Amino acid sequence: TFTVLFRGAFLPESGVEYAIDAAKILKNRNINLRIIGRGELDPLIEKRLKEFDSSNVEWIRGKKMPFEDLRQKMQECHISLGQLSDHNRLNRTIPHKAFESMAMKIPYLTARNKGVMELFKENETCFCCNPADAEDLAKRILEIKNNPELITKIGESAYQLYTTELTP
C-alpha cells in the first residue's frame with residue numbers, strides 16, 4: 001500500500017486538515033496516510049476523521065517517540081508531506097521535516113510557498129501542490145503513486161542537494 005507521511009506539530013500553517021481531506025478523496029485508491037504528530041488542531045483532526053471511514057489513516061499521537069522508532073515509521077512511507085496551508089509564515093520558513101525528508105531520501109510533497117521554493121525546485125528536488133487545496137494534493141499524490149520512477153528520482157535528487165549544499 002502506498003503510504004503518505006504527515007509528520008509535525010498541528011499548527012495553523014501545517015495544513016494537516018488538507019492531508020486528511022486528501023485521504024478522504026483517495027480512500028479507495030490503495031493509499032494510506034500516516035500522521036505522526038499532535039497540537040492545537042487535534043480537535044479539528046478528530047472531527048475530520050469521524051466524517052468518513054478513515055481506515056486508511058493511521059494517527060500516531062503519543063508523546064515523544066524514540067528516534068529509532070520515528071526513523072523506522074518514516075522510512076516505511078513513500079512520500080513525506082510538507083506544510084500545506086496558505087499561511088504567511090510559510091513565505092519565510094523551511095520546516096525541519098523538509099531537511100529530514102531530504103536526508104532520508106523520502107520525496108517531499110509540499111504546498112508551493114516562497115520559503116521552501118528558495119531551496120527546492122519543483123519536479124526536480126520536490127513535488128508541489130497548490131496551498132490549502134486538498135483536491136490538488138490528492139491529485140498530486142495519485143500522480144506520484146502512479147510514477148514510481150519519479151519517487152526514486154526526486155528522492156535521490158533531494159538527497160544530493162542535501163549532501164552537497166546543506167552538510168559541512
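**Note on a predicted protein chain**

1. Arg112 is partly exposed, its relative accessible area being 33%, where "partly exposed" covers the range between buried (under 20% relative accessible area) and exposed (over 50%), with a 1.4 Å probe and protein chains only. Glu122 is likewise partly exposed, at 28%. The side chains of these two residues, Arg112 and Glu122, meet in a salt bridge of 2.8 Å, N to O, a term that requires a side-chain nitrogen of Lys or Arg within 4 Å of a carboxyl oxygen of Asp or Glu. Arg112 sits in the loop between strand S5 (108–111) and helix H5 (114–117), while Glu122 sits in the loop between H5 and strand S6 (127–129), so the pair ties together parts that are ten residues apart in sequence. Salt bridges with shared partners also join Arg34, Glu58 and Glu76 into one network.

2. Residues are numbered from 1 along each chain as its sequence is written, and side-chain values use heavy atoms, with hydrogens and water left out.

3. In outline, the protein chain contains seven helices and six strands, these being DSSP runs numbered from the N terminus, with helices (H or I) of at least four residues and strands (E) of at least two. Their order along the sequence is β-α-β-α-β-α-β-α-β-α-β-α-α.

4. What radius of gyration does the protein chain have? The value is 15 Å, which agrees with the figure near 15 Å for a compact globule of 168 residues; the radius is taken over C-alpha atoms, and the globule rule is 2.2 Å times the number of residues to the power 0.38. The C-alpha trace spans about 45 × 30 × 30 Å along its principal axes.

5. Buried residues account for 48% of the 168 residues. The protein chain exposes about 8600 Å², of which carbon and sulfur atoms supply 48%, the areas coming from the Shrake-Rupley method with a 1.4 Å probe. Of the contacts between residues at least 6 apart in sequence, 73% join residues at least 24 apart, a contact meaning heavy atoms within 4.5 Å.

6. Arg34 and Glu58, already named as members of the network, deserve a separate look. Their closest N and O atoms are 2.6 Å apart in a salt bridge. Arg34 belongs to strand S2 (residues 31–36) and Glu58 to strand S3 (residues 57–60), so the pair ties together parts that are 24 residues apart in sequence. Arg34 counts as buried, at 10% relative accessibility, whereas Glu58 counts as partly exposed, at 31%.

7. How many salt bridges does the structure hold? There are twelve, and one of them links the side chains of Asp21 and Arg48 at 3.4 Å, N to O. Asp21 lies in helix H1 (residues 16–25) and Arg48 in helix H2 (residues 42–50), so the pair ties together parts that are 27 residues apart in sequence. Arg48 is partly exposed, with a relative accessible area of 21%.

8. Apart from neighbours within four places in sequence, Lys97 is in contact with Phe6, Arg7, Leu81, Gly82, Gln83 and Tyr108.

9. Helix H4 (residues 96–103) also holds Phe99, which is partly exposed at 28% relative accessible area. Not counting residues up to four places away in sequence, Phe99 touches Ile94, Leu119, Tyr162 and Leu166. Phe99 and Leu166 are 67 residues apart in sequence, while their C-alpha atoms are 8.8 Å apart in space.

10. Two backbone angles may be worth checking by eye. Asn30, in the loop between H1 and S2, has a positive phi of about 60° although it is not a glycine, and Asn30 counts as partly exposed at 46% relative accessibility. Ala132, in the loop between S6 and helix H6 (134–145), is not a glycine either and has a positive phi of about 55°; at 31% relative accessibility, Ala132 counts as partly exposed.

Terms used:
Predicted model: local features only at pLDDT ≥ 70, side-chain atom pairs only at ≥ 80, totals over all residues.
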